[in-house]
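Here's a quick walk through this fold, meant to be read with the model open beside you.

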Amino acid sequence: MLSYRHSFHAGNHADVLKHTVQSLIISALNEKEKPYLYLDTHAGAGRYLLSGEHAERTGEYLEGIARIWQQDDLPEELAAYISVVKNYNPGGKLRYYPGSPLIARHLLREHDQLQLTELHSSDFPMLRSEFQKDDRARLARADGYQQLKSKLPPPSRRGLILIDPPYEMKSDYQAVVQGIQEGYKRFGTGVFALWYPVVLRQQIKRMFNELQATGIRRILQIELGVRPDSDRFGMTASGMIVINPPWKLEQQMNNVLPWLEKVLVPSGTGHHKVSWIVPE
């Protein structure tokens with residue numbers, strides 16, 4: 001239990017997709033003056049050293065962020081996300097990868113709030129260290145799913161809830177659906193963004209069916225694959241499920257996904273998809 005460390009996977013193709021979607025949602029929320037809450041249920045350590053033992057062992061970032069962050073033809077949909085990566089890597093050398101809490105910290109405004117949750121005994125102290133001087137942030141070493149009950153709705157009735165579990169256990173696929181149900185019951189106007197890995201496609205199909213059965217409307221699927229589906233061990237694709245997506249998000253992802261697939265998957269074995277699991 002709790003053996004997962006995101007430091008092995010920081011900056012990979014799944015992070016690129018997840019943080020592109022996250023930054024676009026935050027940018028959309030920033031278009032209105034009213035403050036909002038950013039809630040991260042599985043926040044991780046915050047910052048990842050790409051020359052560290054974990055990242056070097058897998059080298060996954062070399063086929064992810066390293067391929068795109070200095071491209072000359074960067075689509076405008078990636079501008080906010082890549083600005084954060086460059087902020088943590090001055091001088092043009094890729095040393096650190098900012099996780100979702102740091103992307104949020106960089107893009108949120110002074111009057112917005114962050115609620116960050118992490119349960120891992122090694123990652124939580126690092127996360128706390130990153131945010132100890134940020135008055136906007138509240139941190140908890142707790143079960144992220146419980147935050148969907150205790151921290152919602154925010155007083156402003158605006159917010160982004162990022163749910164990014166490790167899927168260490170098969171039960172996580174059911175737990176995320178239950179967590180979203182609990183959160184949506186309390187905060188039906190919030191934007192919920194759920195990351196998922198494609199290891200076995202049947203698990204994802206079951207999760208989609210369970211989401212459809214909740215009766216929640218406006219559920220958008222965004223997926224980027226690097227290899228065809230397989231029964232062998234390993235993640236072949238990843239995606240984001242967004243409930244109540246900003247109105248521009250569907251078109252933005254249709255614009256940027258072909259470019260991401262071309263640059264991240266030069267072998268031509270990839271795929272991308274934007275579709276409604278449940279429409280309006």
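A quick word on terms: two strands count as paired if DSSP finds at least two bridges between them. Keep in mind that this is a predicted model. With that in hand, 8 strands form an open sheet, and the order across it is E5-E4-E1-E6-E7-E9-E8-E10, with mixed pairing. Strand E5 (137-140) and strand E10 (271-278) are the edge strands, each pairing on one side only. On average, neighbouring strands of this sheet are turned by 15 degrees against each other, direction ignored.

**Pairing inside the sheet**

- Strands in a sheet pair through backbone hydrogen bonds, in either a parallel or an antiparallel way.
- Ile163 stands opposite Leu194 in E7.
- E7 and E9 run antiparallel and are joined by 7 bridges; Tyr196 has Gly239 in E9 as its bridge partner.
- E8 and E9 are also antiparallel, with 7 bridges joining them, and Leu220 stands opposite Val242 in E9.

**Two covered strands**

- How many of the residues of E7 are buried? The count is 8 of the 8, so E7 is largely enclosed by the rest of the structure.
- Val191, Ala193, Trp195 and Pro197 point one way from E7, while Phe192, Leu194, Tyr196 and Val198 point the other way, and all are buried.
- E9 is mostly covered too, with 7 of its 7 residues buried.

- H1 lies across strand E1 (37-40), E6, E7, strand E8 (219-225) and strand E9 (237-243), and runs at about 20 degrees to E9.
- Helix H9 (residues 201-213) packs on the sheet as well, touching E7, E8, E9 and E10, and its direction makes about 155 degrees with that of E7.
- In helix H4 (residues 79-87), the buried residues include Tyr81, Ile82, Val84 and Val85. These four cover an arc of only 150 degrees around the axis, which puts them on the same side of H4.
- What do the buried residues of H4 pack against? Their partners are helix H1 (13-29), helix H3 (65-68), strand E3 (96-98) and helix H5 (100-107).

**Rings and charges**

- The model has 5 aromatic pairs, and ring pairs link Tyr167, Tyr173 and Trp195 into a cluster.
- Trp195 also has Lys18 over its face, at 5.4 Å from the ring centre.
- Over at Tyr96, the charged end of Arg47 sits over the ring, 5.3 Å from its centre.

- Leu152 and Pro153 are joined by a cis peptide bond, with omega about 0 degrees. Pro153 lies in the loop between helix H7 (144-150) and E6.
- Arg157 is placed in the loop between H7 and E6. Arg157 is not a glycine, yet has a positive phi of about 60 degrees.
- Is Arg157 buried, exposed or partly exposed? Arg157 counts as partly exposed, at 49% relative accessibility.
- Tyr167, in the loop between E6 and helix H8 (172-186), is another non-glycine with a positive phi, here about 55 degrees. Tyr167 counts as buried, at 9% relative accessibility.

**Spots away from the buried strands**

- Asn255 is found in helix H10 (residues 249-264) and is partly exposed, with a relative accessible area of 39%.
- Asn255 and Glu77 are 178 residues apart in sequence, but their C-alpha atoms are 8.0 Å apart in space.
- Lys93 has its place in the loop between H4 and E3 and is exposed, at 56% relative accessible area.
- Lys93 and Pro266 are 173 residues apart along the chain, and 23 Å separates their C-alpha atoms.

Key: Residues are numbered from 1 along each chain as its sequence is written. This is a predicted model: local features need pLDDT of at least 70, side-chain atom pairs count only at pLDDT 80 or more; totals for chains, interfaces and linings use all residues. Side-chain values use heavy atoms; hydrogens and water are left out. Rings of Phe, Tyr and Trp (its six-membered ring) pair if their centres lie within 6.5 Å; planes under 30 degrees apart count as stacked, over 60 as edge-to-face and the rest as tilted. A charge sits over a ring if NZ of Lys or CZ of Arg is within 6 Å of the ring centre and within 35 degrees of the ring normal. Buried means under 20% relative accessible area, exposed over 50%, partly exposed in between (1.4 Å probe, protein chains only). The arc is that of the directions from the helix axis to the C-beta atoms. Contact means heavy atoms within 4.5 Å. Axes are lines fitted to C-alpha atoms, for helices over the stretch in contact, and angles run from 0 to 180 degrees between N-to-C directions.
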